[in-house]
Amino acid sequence: MIAVTDQFIQKQLKEVIECVNIDGKTKLVSLVKKVKPIDPLIFYRNGTKEFSHQRFFWQDPDRTFSLVGLGYTHIISTERHQDRFHYIEKEWKRFIDRDVICMGDIPSGTGPLLFGGFSFDPKQDKDTRWNEFSSGKFVVPAYLYTVKGGEAFFTANLLIHPTDETQKYNHFFEEKEKQLFQLNGTPRVQEELSHIISKHEVEPDLFKQSVQEATNRIKREQIEKVVLARQLDLFFNEPLKKDVILERLTKEQPTSYVYTFDSKGYSFIGASPERLIKRSENNVFSTCLAGSIRRGYTLREDEELGQQLLADEKNLIEHDVVVHMIKEAMIENCTDIQLPKGPSLYKTKHIQHLYTPVKGVIRDGVTLFSFLEKLHPTPALGGFPQKKALEVIRELENFERGWYAAPIGWMDMKGNGEFIVGIRSGLLSEQEATLFAGCGIVADSDPESEYEETKIKFNPMLSALGGVDHVTH
Ligand SMILES: C=C(O[C@H]1C=CC=C(C(=O)O)[C@@H]1O)C(=O)O
(Lines give C-alpha, C1' and ligand atoms only; values in the text may rest on other atoms or scores of the structure.)
Protein backbone atom coordinates (compact mmCIF):
# COMPACT_ATOMS: atom_id res chain seq x y z
CA MET A 1 0.00 0.00 0.00
CA ILE A 2 1.22 3.51 -0.79
CA ALA A 3 1.92 5.72 2.21
CA VAL A 4 -0.64 8.47 1.79
CA THR A 5 -0.31 11.98 3.15
CA ASP A 6 -2.98 14.08 4.81
CA GLN A 7 -3.00 16.39 1.77
CA PHE A 8 -3.62 13.43 -0.51
CA ILE A 9 -6.51 12.27 1.71
CA GLN A 10 -7.92 15.81 1.77
CA LYS A 11 -7.80 15.94 -2.03
CA GLN A 12 -9.48 12.53 -2.35
CA LEU A 13 -12.18 13.49 0.10
CA LYS A 14 -12.88 16.69 -1.84
CA GLU A 15 -13.31 14.71 -5.05
CA VAL A 16 -15.68 12.23 -3.39
CA ILE A 17 -17.80 15.01 -1.86
CA GLU A 18 -18.13 16.65 -5.26
CA CYS A 19 -19.20 13.34 -6.83
CA VAL A 20 -21.74 12.68 -4.06
CA ASN A 21 -23.10 16.23 -4.45
CA ILE A 22 -23.70 15.59 -8.15
CA ASP A 23 -24.92 12.01 -7.74
CA GLY A 24 -27.31 12.82 -4.90
CA LYS A 25 -26.68 9.51 -3.07
CA THR A 26 -25.06 9.03 0.35
CA LYS A 27 -21.79 7.08 0.17
CA LEU A 28 -19.36 5.65 2.66
CA VAL A 29 -15.84 6.68 1.82
CA SER A 30 -13.06 4.64 3.33
CA LEU A 31 -9.74 6.40 3.88
CA VAL A 32 -6.76 4.39 5.07
CA LYS A 33 -3.48 5.79 6.29
CA LYS A 34 -0.37 4.05 7.58
CA VAL A 35 0.40 5.37 11.06
CA LYS A 36 2.99 5.03 13.82
CA PRO A 37 2.00 2.03 15.98
CA ILE A 38 0.58 2.66 19.45
CA ASP A 39 -0.85 0.19 21.97
CA PRO A 40 -4.35 -0.72 20.69
CA LEU A 41 -5.65 -0.44 24.25
CA ILE A 42 -4.80 3.28 24.16
CA PHE A 43 -6.84 3.75 21.01
CA TYR A 44 -9.75 1.90 22.67
CA ARG A 45 -9.44 4.02 25.80
CA ASN A 46 -9.23 7.25 23.80
CA GLY A 47 -12.73 6.44 22.54
CA THR A 48 -14.21 6.27 26.06
CA LYS A 49 -15.86 9.71 26.10
CA GLU A 50 -17.23 9.85 22.59
CA PHE A 51 -17.74 6.19 21.69
CA SER A 52 -18.23 4.15 24.88
CA HIS A 53 -21.55 2.86 23.52
CA GLN A 54 -20.10 1.84 20.18
CA ARG A 55 -16.70 0.21 20.45
CA PHE A 56 -15.05 -3.09 19.73
CA PHE A 57 -11.66 -4.64 20.40
CA TRP A 58 -10.01 -7.77 19.04
CA GLN A 59 -6.55 -9.17 19.56
CA ASP A 60 -4.94 -12.44 18.42
CA PRO A 61 -3.27 -14.73 20.96
CA ASP A 62 0.20 -13.83 19.64
CA ARG A 63 -0.79 -10.14 19.88
CA THR A 64 0.47 -9.41 16.37
CA PHE A 65 -2.96 -8.60 14.96
CA SER A 66 -5.37 -6.17 16.59
CA LEU A 67 -8.52 -4.37 15.55
CA VAL A 68 -10.14 -1.56 17.46
CA GLY A 69 -13.30 0.09 16.17
CA LEU A 70 -14.85 3.31 17.45
CA GLY A 71 -18.32 4.51 16.44
CA TYR A 72 -20.60 2.47 14.24
CA THR A 73 -21.05 3.97 10.79
CA HIS A 74 -23.19 1.19 9.39
CA ILE A 75 -24.99 -1.67 11.15
CA ILE A 76 -26.28 -4.89 9.60
CA SER A 77 -28.49 -6.70 12.08
CA THR A 78 -31.04 -9.47 11.93
CA GLU A 79 -33.29 -11.47 14.24
CA ARG A 80 -33.75 -14.20 11.64
CA HIS A 81 -33.54 -17.83 12.68
CA GLN A 82 -32.93 -19.61 9.44
CA ASP A 83 -30.62 -17.89 7.00
CA ARG A 84 -28.96 -15.32 9.27
CA PHE A 85 -25.41 -16.07 8.04
CA HIS A 86 -26.45 -15.75 4.42
CA TYR A 87 -28.51 -12.62 5.14
CA ILE A 88 -25.61 -10.74 6.78
CA GLU A 89 -23.23 -11.73 3.99
CA LYS A 90 -25.68 -10.72 1.27
CA GLU A 91 -26.38 -7.33 2.89
CA TRP A 92 -22.67 -6.73 3.35
CA LYS A 93 -21.94 -7.47 -0.29
CA ARG A 94 -24.80 -5.24 -1.41
CA PHE A 95 -23.54 -2.42 0.80
CA ILE A 96 -19.98 -2.76 -0.50
CA ASP A 97 -21.07 -2.86 -4.15
CA ARG A 98 -23.57 -0.04 -3.92
CA ASP A 99 -22.55 2.39 -1.20
CA VAL A 100 -18.82 2.17 -0.56
CA ILE A 101 -15.98 4.07 -2.16
CA CYS A 102 -12.47 2.87 -1.39
CA MET A 103 -9.35 4.81 -2.14
CA GLY A 104 -6.42 2.90 -3.59
CA ASP A 105 -5.07 -0.45 -2.57
CA ILE A 106 -6.38 -1.34 0.90
CA PRO A 107 -4.50 -3.95 3.00
CA SER A 108 -6.51 -6.82 4.45
CA GLY A 109 -7.91 -5.99 7.88
CA THR A 110 -8.29 -2.26 7.10
CA GLY A 111 -10.87 -0.16 5.26
CA PRO A 112 -14.60 -0.89 5.40
CA LEU A 113 -14.43 -3.94 7.62
CA LEU A 114 -17.30 -5.82 9.26
CA PHE A 115 -17.06 -6.78 12.94
CA GLY A 116 -19.70 -8.56 14.98
CA GLY A 117 -21.23 -11.84 15.93
CA PHE A 118 -24.13 -14.25 16.03
CA SER A 119 -26.16 -15.54 18.93
CA PHE A 120 -25.67 -19.13 19.98
CA ASP A 121 -29.20 -20.23 19.18
CA PRO A 122 -31.88 -17.81 17.95
CA LYS A 123 -34.56 -20.28 19.00
CA GLN A 124 -33.78 -20.03 22.71
CA ASP A 125 -36.25 -18.00 24.81
CA LYS A 126 -35.25 -14.34 24.80
CA ASP A 127 -33.80 -12.42 27.70
CA THR A 128 -33.87 -8.60 27.52
CA ARG A 129 -30.23 -8.49 28.68
CA TRP A 130 -29.28 -9.56 25.17
CA ASN A 131 -31.37 -6.89 23.42
CA GLU A 132 -28.28 -5.21 21.98
CA PHE A 133 -26.92 -8.51 20.66
CA SER A 134 -29.25 -9.81 18.00
CA SER A 135 -29.15 -13.18 16.29
CA GLY A 136 -26.70 -11.60 13.82
CA LYS A 137 -25.22 -8.14 14.34
CA PHE A 138 -22.33 -6.60 12.47
CA VAL A 139 -20.95 -3.09 12.35
CA VAL A 140 -18.68 -1.06 10.12
CA PRO A 141 -16.65 1.15 12.47
CA ALA A 142 -16.38 4.88 11.84
CA TYR A 143 -12.74 4.74 12.96
CA LEU A 144 -10.65 1.64 12.86
CA TYR A 145 -7.16 1.03 14.15
CA THR A 146 -5.46 -2.05 12.71
CA VAL A 147 -2.16 -3.51 13.83
CA LYS A 148 -0.65 -6.18 11.56
CA GLY A 149 2.77 -7.42 12.49
CA GLY A 150 4.88 -4.32 12.89
CA GLU A 151 2.61 -2.09 10.79
CA ALA A 152 -0.32 0.03 11.89
CA PHE A 153 -3.17 1.61 9.94
CA PHE A 154 -5.84 4.17 10.70
CA THR A 155 -9.08 3.89 8.72
CA ALA A 156 -11.85 6.48 8.68
CA ASN A 157 -15.13 5.25 7.22
CA LEU A 158 -17.04 8.46 6.62
CA LEU A 159 -20.62 8.76 5.48
CA ILE A 160 -20.80 11.53 2.92
CA HIS A 161 -24.25 12.99 2.27
CA PRO A 162 -25.29 14.85 -0.89
CA THR A 163 -25.69 18.09 1.07
CA ASP A 164 -22.24 17.90 2.67
CA GLU A 165 -19.84 20.71 1.93
CA THR A 166 -16.13 20.27 1.50
CA GLN A 167 -15.32 22.74 4.33
CA LYS A 168 -16.99 20.42 6.85
CA TYR A 169 -14.14 17.99 6.35
CA ASN A 170 -11.21 20.41 6.24
CA HIS A 171 -8.47 18.91 8.41
CA PHE A 172 -11.03 16.38 9.68
CA PHE A 173 -8.79 13.33 9.24
CA GLU A 174 -5.75 14.98 10.83
CA GLU A 175 -7.75 16.18 13.82
CA LYS A 176 -9.38 12.80 14.43
CA GLU A 177 -6.03 11.09 14.19
CA LYS A 178 -4.58 13.52 16.74
CA GLN A 179 -7.49 12.97 19.10
CA LEU A 180 -7.59 9.17 18.91
CA PHE A 181 -3.87 8.51 18.92
CA GLN A 182 -2.89 10.76 21.82
CA LEU A 183 -0.62 9.06 24.31
CA ASN A 184 -1.93 10.65 27.45
CA GLY A 185 -1.21 8.79 30.59
CA THR A 186 0.19 5.51 31.76
CA PRO A 187 -1.30 2.06 31.21
CA ARG A 188 -4.29 1.68 33.51
CA VAL A 189 -3.82 -1.95 34.46
CA GLN A 190 -2.59 -0.88 37.94
CA GLU A 191 -5.70 1.15 38.51
CA GLU A 192 -8.06 -0.03 41.18
CA LEU A 193 -11.02 -2.00 39.90
CA SER A 194 -14.60 -1.58 41.03
CA HIS A 195 -15.16 -3.95 43.96
CA ILE A 196 -17.33 -7.02 43.77
CA ILE A 197 -20.00 -6.55 46.43
CA SER A 198 -21.90 -9.72 45.71
CA LYS A 199 -21.38 -12.95 43.79
CA HIS A 200 -24.24 -15.26 42.93
CA GLU A 201 -23.97 -18.67 41.28
CA VAL A 202 -27.13 -19.15 39.29
CA GLU A 203 -28.83 -22.44 40.20
CA PRO A 204 -25.77 -24.68 40.59
CA ASP A 205 -27.93 -27.61 41.72
CA LEU A 206 -30.06 -27.37 38.63
CA PHE A 207 -26.87 -27.46 36.55
CA LYS A 208 -25.75 -30.69 38.26
CA GLN A 209 -29.20 -32.23 37.77
CA SER A 210 -29.08 -31.28 34.09
CA VAL A 211 -25.67 -32.92 33.73
CA GLN A 212 -27.10 -36.08 35.31
CA GLU A 213 -30.11 -35.97 32.99
CA ALA A 214 -27.85 -35.45 29.97
CA THR A 215 -25.70 -38.48 30.84
CA ASN A 216 -28.88 -40.57 31.20
CA ARG A 217 -29.99 -39.54 27.73
CA ILE A 218 -26.54 -40.25 26.31
CA LYS A 219 -26.60 -43.72 27.88
CA ARG A 220 -30.01 -44.30 26.32
CA GLU A 221 -28.28 -43.34 23.04
CA GLN A 222 -30.59 -40.46 22.34
CA ILE A 223 -27.53 -38.28 21.81
CA GLU A 224 -23.72 -38.65 21.82
CA LYS A 225 -22.54 -35.44 23.49
CA VAL A 226 -24.05 -32.20 24.77
CA VAL A 227 -22.43 -29.04 26.14
CA LEU A 228 -24.20 -27.58 29.16
CA ALA A 229 -23.47 -24.17 30.61
CA ARG A 230 -24.27 -22.08 33.66
CA GLN A 231 -23.97 -18.49 34.86
CA LEU A 232 -22.31 -16.50 37.61
CA ASP A 233 -23.71 -13.06 38.48
CA LEU A 234 -21.51 -10.35 39.94
CA PHE A 235 -22.49 -6.97 41.37
CA PHE A 236 -20.06 -4.07 41.82
CA ASN A 237 -19.82 -1.03 44.08
CA GLU A 238 -19.33 1.41 41.20
CA PRO A 239 -19.43 1.50 37.37
CA LEU A 240 -17.11 -0.99 35.69
CA LYS A 241 -13.96 0.36 34.05
CA LYS A 242 -14.12 -1.54 30.81
CA ASP A 243 -10.77 -0.41 29.46
CA VAL A 244 -9.01 -1.60 32.64
CA ILE A 245 -10.79 -4.97 32.50
CA LEU A 246 -9.81 -5.37 28.86
CA GLU A 247 -6.23 -4.49 29.62
CA ARG A 248 -6.13 -7.04 32.46
CA LEU A 249 -7.50 -9.71 30.10
CA THR A 250 -4.78 -9.04 27.53
CA LYS A 251 -2.10 -9.27 30.22
CA GLU A 252 -3.51 -12.25 32.13
CA GLN A 253 -4.54 -14.42 29.17
CA PRO A 254 -1.51 -14.36 26.84
CA THR A 255 -2.56 -17.45 24.87
CA SER A 256 -6.14 -16.35 24.19
CA TYR A 257 -7.91 -14.04 21.79
CA VAL A 258 -9.22 -11.01 23.66
CA TYR A 259 -12.39 -9.37 22.44
CA THR A 260 -15.16 -7.01 23.35
CA PHE A 261 -18.22 -5.75 21.54
CA ASP A 262 -19.75 -2.73 23.25
CA SER A 263 -23.23 -1.53 22.48
CA LYS A 264 -25.37 0.97 24.38
CA GLY A 265 -24.02 0.33 27.86
CA TYR A 266 -23.53 -3.42 27.44
CA SER A 267 -20.26 -5.18 26.68
CA PHE A 268 -19.84 -8.75 25.61
CA ILE A 269 -16.25 -9.41 26.56
CA GLY A 270 -13.92 -12.36 26.97
CA ALA A 271 -10.64 -14.17 26.41
CA SER A 272 -11.25 -17.20 24.24
CA PRO A 273 -8.65 -19.79 23.26
CA GLU A 274 -10.86 -21.24 20.53
CA ARG A 275 -10.63 -20.30 16.88
CA LEU A 276 -13.65 -21.38 14.90
CA ILE A 277 -12.43 -20.40 11.46
CA LYS A 278 -9.89 -18.14 9.84
CA ARG A 279 -9.67 -17.39 6.15
CA SER A 280 -6.57 -15.88 4.61
CA GLU A 281 -6.86 -15.84 0.80
CA ASN A 282 -7.69 -19.46 -0.01
CA ASN A 283 -6.33 -20.98 3.18
CA VAL A 284 -8.62 -21.85 6.03
CA PHE A 285 -7.73 -22.78 9.59
CA SER A 286 -9.93 -24.24 12.27
CA THR A 287 -9.42 -25.66 15.74
CA CYS A 288 -10.79 -28.59 17.67
CA LEU A 289 -10.63 -27.66 21.34
CA ALA A 290 -12.42 -29.85 23.85
CA GLY A 291 -11.40 -31.81 26.91
CA SER A 292 -10.09 -29.86 29.88
CA ILE A 293 -8.11 -30.07 33.09
CA ARG A 294 -6.90 -27.39 35.50
CA ARG A 295 -3.34 -25.97 35.49
CA GLY A 296 -0.92 -27.23 38.14
CA TYR A 297 0.49 -25.10 40.93
CA THR A 298 4.03 -26.26 40.11
CA LEU A 299 5.60 -27.01 36.74
CA ARG A 300 5.76 -30.69 37.62
CA GLU A 301 2.13 -30.92 38.67
CA ASP A 302 1.16 -28.99 35.56
CA GLU A 303 2.95 -31.49 33.32
CA GLU A 304 1.43 -34.43 35.17
CA LEU A 305 -2.05 -33.00 34.77
CA GLY A 306 -1.38 -32.45 31.05
CA GLN A 307 -0.29 -36.08 30.61
CA GLN A 308 -3.34 -37.23 32.57
CA LEU A 309 -5.57 -35.26 30.20
CA LEU A 310 -3.87 -36.66 27.10
CA ALA A 311 -4.61 -40.20 28.35
CA ASP A 312 -8.06 -39.66 29.81
CA GLU A 313 -10.70 -41.66 27.97
CA LYS A 314 -13.67 -39.47 28.85
CA ASN A 315 -11.88 -36.33 27.63
CA LEU A 316 -10.56 -38.08 24.51
CA ILE A 317 -14.12 -39.10 23.57
CA GLU A 318 -15.28 -35.50 24.12
CA HIS A 319 -12.46 -34.30 21.89
CA ASP A 320 -12.92 -36.94 19.17
CA VAL A 321 -16.54 -35.98 18.63
CA VAL A 322 -15.36 -32.44 17.80
CA VAL A 323 -12.54 -33.62 15.51
CA HIS A 324 -14.92 -35.89 13.63
CA MET A 325 -17.46 -33.13 12.96
CA ILE A 326 -14.91 -30.46 11.98
CA LYS A 327 -13.11 -32.95 9.73
CA GLU A 328 -16.38 -33.72 7.92
CA ALA A 329 -17.05 -30.00 7.42
CA MET A 330 -13.50 -29.54 6.11
CA ILE A 331 -13.87 -32.43 3.65
CA GLU A 332 -17.05 -30.86 2.33
CA ASN A 333 -15.60 -27.37 1.94
CA CYS A 334 -11.85 -27.79 1.42
CA THR A 335 -9.09 -29.66 -0.33
CA ASP A 336 -5.53 -30.39 0.91
CA ILE A 337 -6.68 -30.95 4.48
CA GLN A 338 -4.00 -31.25 7.14
CA LEU A 339 -4.98 -32.77 10.45
CA PRO A 340 -2.57 -34.13 13.08
CA LYS A 341 -3.05 -37.77 14.14
CA GLY A 342 -3.79 -37.00 17.77
CA PRO A 343 -4.37 -34.02 20.06
CA SER A 344 -1.74 -31.97 21.81
CA LEU A 345 -2.17 -29.61 24.76
CA TYR A 346 -3.26 -25.99 24.64
CA LYS A 347 -2.55 -24.18 27.86
CA THR A 348 -4.22 -21.00 29.04
CA LYS A 349 -3.57 -19.37 32.38
CA HIS A 350 -6.23 -21.27 34.33
CA ILE A 351 -6.92 -24.36 32.23
CA GLN A 352 -5.39 -26.77 29.72
CA HIS A 353 -7.22 -28.34 26.80
CA LEU A 354 -6.92 -31.09 24.25
CA TYR A 355 -6.16 -29.32 20.99
CA THR A 356 -6.14 -30.35 17.33
CA PRO A 357 -5.53 -27.65 14.72
CA VAL A 358 -6.88 -28.23 11.19
CA LYS A 359 -6.12 -26.49 7.90
CA GLY A 360 -7.13 -26.74 4.29
CA VAL A 361 -7.59 -24.92 1.00
CA ILE A 362 -11.10 -23.58 0.53
CA ARG A 363 -13.13 -24.85 -2.43
CA ASP A 364 -14.41 -22.43 -5.09
CA GLY A 365 -17.63 -20.73 -4.07
CA VAL A 366 -17.24 -21.40 -0.34
CA THR A 367 -17.18 -18.20 1.70
CA LEU A 368 -16.16 -17.48 5.27
CA PHE A 369 -19.82 -17.10 6.27
CA SER A 370 -21.05 -20.21 4.46
CA PHE A 371 -18.32 -22.17 6.25
CA LEU A 372 -19.29 -20.61 9.57
CA GLU A 373 -22.86 -21.68 9.06
CA LYS A 374 -21.71 -25.28 8.53
CA LEU A 375 -19.57 -25.28 11.65
CA HIS A 376 -21.68 -23.51 14.23
CA PRO A 377 -22.20 -24.88 16.79
CA THR A 378 -19.43 -27.45 16.76
CA PRO A 379 -19.70 -30.23 19.35
CA ALA A 380 -17.30 -28.20 21.54
CA LEU A 381 -20.12 -25.73 22.18
CA GLY A 382 -23.34 -27.53 21.25
CA GLY A 383 -22.96 -31.28 21.03
CA PHE A 384 -23.53 -34.14 18.63
CA PRO A 385 -25.68 -34.69 16.67
CA GLN A 386 -26.02 -30.94 16.35
CA LYS A 387 -29.81 -30.59 16.03
CA LYS A 388 -30.59 -32.95 18.89
CA ALA A 389 -27.97 -31.31 21.09
CA LEU A 390 -29.57 -27.89 20.52
CA GLU A 391 -32.95 -29.30 21.54
CA VAL A 392 -31.48 -30.73 24.73
CA ILE A 393 -29.77 -27.40 25.56
CA ARG A 394 -33.05 -25.53 24.99
CA GLU A 395 -34.76 -27.93 27.35
CA LEU A 396 -32.15 -28.30 30.11
CA GLU A 397 -30.57 -24.83 30.31
CA ASN A 398 -32.87 -22.21 31.77
CA PHE A 399 -31.23 -19.06 30.40
CA GLU A 400 -30.51 -17.46 27.02
CA ARG A 401 -26.88 -17.95 25.99
CA GLY A 402 -27.00 -14.89 23.75
CA TRP A 403 -23.55 -14.45 22.21
CA TYR A 404 -21.87 -16.80 24.67
CA ALA A 405 -20.38 -19.83 22.86
CA ALA A 406 -21.26 -18.32 19.48
CA PRO A 407 -19.13 -16.97 16.60
CA ILE A 408 -17.63 -13.49 17.05
CA GLY A 409 -15.14 -11.96 14.64
CA TRP A 410 -14.47 -9.93 11.55
CA MET A 411 -14.45 -10.01 7.77
CA ASP A 412 -12.97 -7.50 5.34
CA MET A 413 -14.19 -6.59 1.87
CA LYS A 414 -12.01 -9.25 0.26
CA GLY A 415 -13.73 -11.99 2.30
CA ASN A 416 -10.74 -12.61 4.57
CA GLY A 417 -11.35 -12.73 8.28
CA GLU A 418 -11.54 -14.77 11.42
CA PHE A 419 -14.16 -15.99 13.89
CA ILE A 420 -13.66 -17.44 17.32
CA VAL A 421 -16.22 -18.78 19.76
CA GLY A 422 -17.26 -16.35 22.48
CA ILE A 423 -16.31 -18.42 25.52
CA ARG A 424 -14.54 -17.48 28.80
CA SER A 425 -16.80 -14.49 28.50
CA GLY A 426 -19.25 -12.25 30.25
CA LEU A 427 -21.94 -9.71 29.58
CA LEU A 428 -21.19 -6.49 31.44
CA SER A 429 -23.55 -3.63 32.09
CA GLU A 430 -23.03 -0.53 34.23
CA GLN A 431 -22.40 -2.23 37.62
CA GLU A 432 -23.17 -5.87 36.91
CA ALA A 433 -21.60 -8.79 35.11
CA THR A 434 -22.92 -12.19 34.13
CA LEU A 435 -20.23 -14.75 33.37
CA PHE A 436 -20.76 -17.95 31.39
CA ALA A 437 -19.05 -21.31 31.45
CA GLY A 438 -19.92 -24.68 30.05
CA CYS A 439 -18.51 -28.15 29.54
CA GLY A 440 -18.92 -31.11 27.27
CA ILE A 441 -21.03 -33.93 28.70
CA VAL A 442 -20.52 -37.52 27.57
CA ALA A 443 -21.80 -40.81 29.04
CA ASP A 444 -19.20 -40.94 31.83
CA SER A 445 -19.48 -37.33 32.96
CA ASP A 446 -19.83 -36.76 36.68
CA PRO A 447 -22.02 -33.78 37.71
CA GLU A 448 -19.72 -32.72 40.55
CA SER A 449 -16.57 -32.74 38.37
CA GLU A 450 -18.33 -30.87 35.57
CA TYR A 451 -19.47 -28.29 38.10
CA GLU A 452 -15.85 -27.89 39.24
CA GLU A 453 -14.71 -27.57 35.61
CA THR A 454 -17.13 -24.71 34.98
CA LYS A 455 -15.75 -23.01 38.11
CA ILE A 456 -12.28 -23.04 36.52
CA LYS A 457 -13.72 -21.72 33.27
CA PHE A 458 -15.18 -18.69 35.05
CA ASN A 459 -11.68 -17.76 36.23
CA PRO A 460 -10.36 -15.82 33.21
CA MET A 461 -13.20 -13.30 33.43
CA LEU A 462 -13.44 -13.46 37.20
CA SER A 463 -9.76 -12.69 37.55
CA ALA A 464 -9.91 -9.76 35.11
CA LEU A 465 -12.80 -8.40 37.18
CA GLY A 466 -10.77 -8.68 40.36
CA GLY A 467 -12.47 -11.80 41.69
CA VAL A 468 -9.77 -14.48 42.05
CA ASP A 469 -6.16 -14.68 43.08
CA HIS A 470 -3.80 -15.28 40.21
CA VAL A 471 -2.33 -18.70 39.65
CA THR A 472 1.34 -18.49 38.76
CA HIS A 473 3.33 -21.02 36.74
C1 LIG B 1 -17.94 -24.40 26.60
C2 LIG B 1 -16.76 -24.01 27.04
O3 LIG B 1 -15.60 -24.62 26.67
C4 LIG B 1 -15.53 -25.52 25.57
C5 LIG B 1 -14.22 -25.32 24.93
C6 LIG B 1 -13.11 -26.04 25.31
C7 LIG B 1 -13.24 -27.12 26.20
C8 LIG B 1 -14.46 -27.54 26.59
C9 LIG B 1 -14.61 -28.73 27.49
O10 LIG B 1 -13.59 -29.35 27.82
O11 LIG B 1 -15.70 -29.03 27.92
C12 LIG B 1 -15.71 -26.94 26.08
O13 LIG B 1 -16.13 -27.77 25.04
C14 LIG B 1 -16.61 -22.87 27.96
O15 LIG B 1 -15.49 -22.50 28.28
O16 LIG B 1 -17.65 -22.29 28.37
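UniProt, in an unreviewed entry, puts the feature "binding site" at Glu318 and Glu453. What we have here is a predicted model. The two positions span 136 residues in sequence, but no two of their C-alpha atoms are more than 14.0 Å apart, so they gather at one spot.

Take Glu318. This residue is in helix α9, residues 313-333. Is Glu318 buried or exposed? Glu318 counts as buried, because 24 C-beta neighbours lie inside 10 Å and the cut-off for buried is 20 or more. Setting aside residues up to four places away in sequence, Glu318 touches Lys225, Ala290, Gly291, Gly440 and Val442.

Now Glu453. Helix α12, residues 447-464, is where Glu453 sits. With 19 other C-beta atoms within 10 Å, Glu453 is partly exposed, since buried would take 20 or more. Apart from neighbours within four places in sequence, Glu453 is in contact with Ser292 and Cys439.

Next, the ligand. How many residues surround the ligand? There are 18, and the closest are Ser292, Ile423, Gly438, Cys439 and Gly440. By type, the shell divides into ten nonpolar residues, five polar and three charged.

Some names come up on both sides. Ser292 and Cys439, the contacts of Glu453, are among the closest residues to the ligand. Gly440, also among the closest to the ligand, is one of the residues that Glu318 touches.

Methods
Residues are numbered from 1 along each chain as its sequence is written. This is a predicted model: local features need pLDDT of at least 70, side-chain atom pairs count only at pLDDT 80 or more; totals for chains, interfaces and linings use all residues. A residue is near a molecule or strand if its C-beta atom, placed from the backbone, lies within 6 Å of it. Ala, Val, Leu, Ile, Met, Phe, Trp, Tyr, Cys and Pro count as nonpolar, Asp, Glu, Lys and Arg as charged, and the others, Gly among them, as polar. UniProt positions are given in the numbering used here, feature names are shortened, and annotations may be inferred rather than shown by experiment. Helices (H or I, at least four residues) and strands (E, at least two) are DSSP runs, numbered from the N terminus. A residue is buried if 20 or more other C-beta atoms lie within 10 Å of its own, exposed if 12 or fewer, and partly exposed in between; C-beta atoms are placed from the backbone. Two residues are in contact if their C-beta atoms, placed from the backbone, lie within 7 Å.
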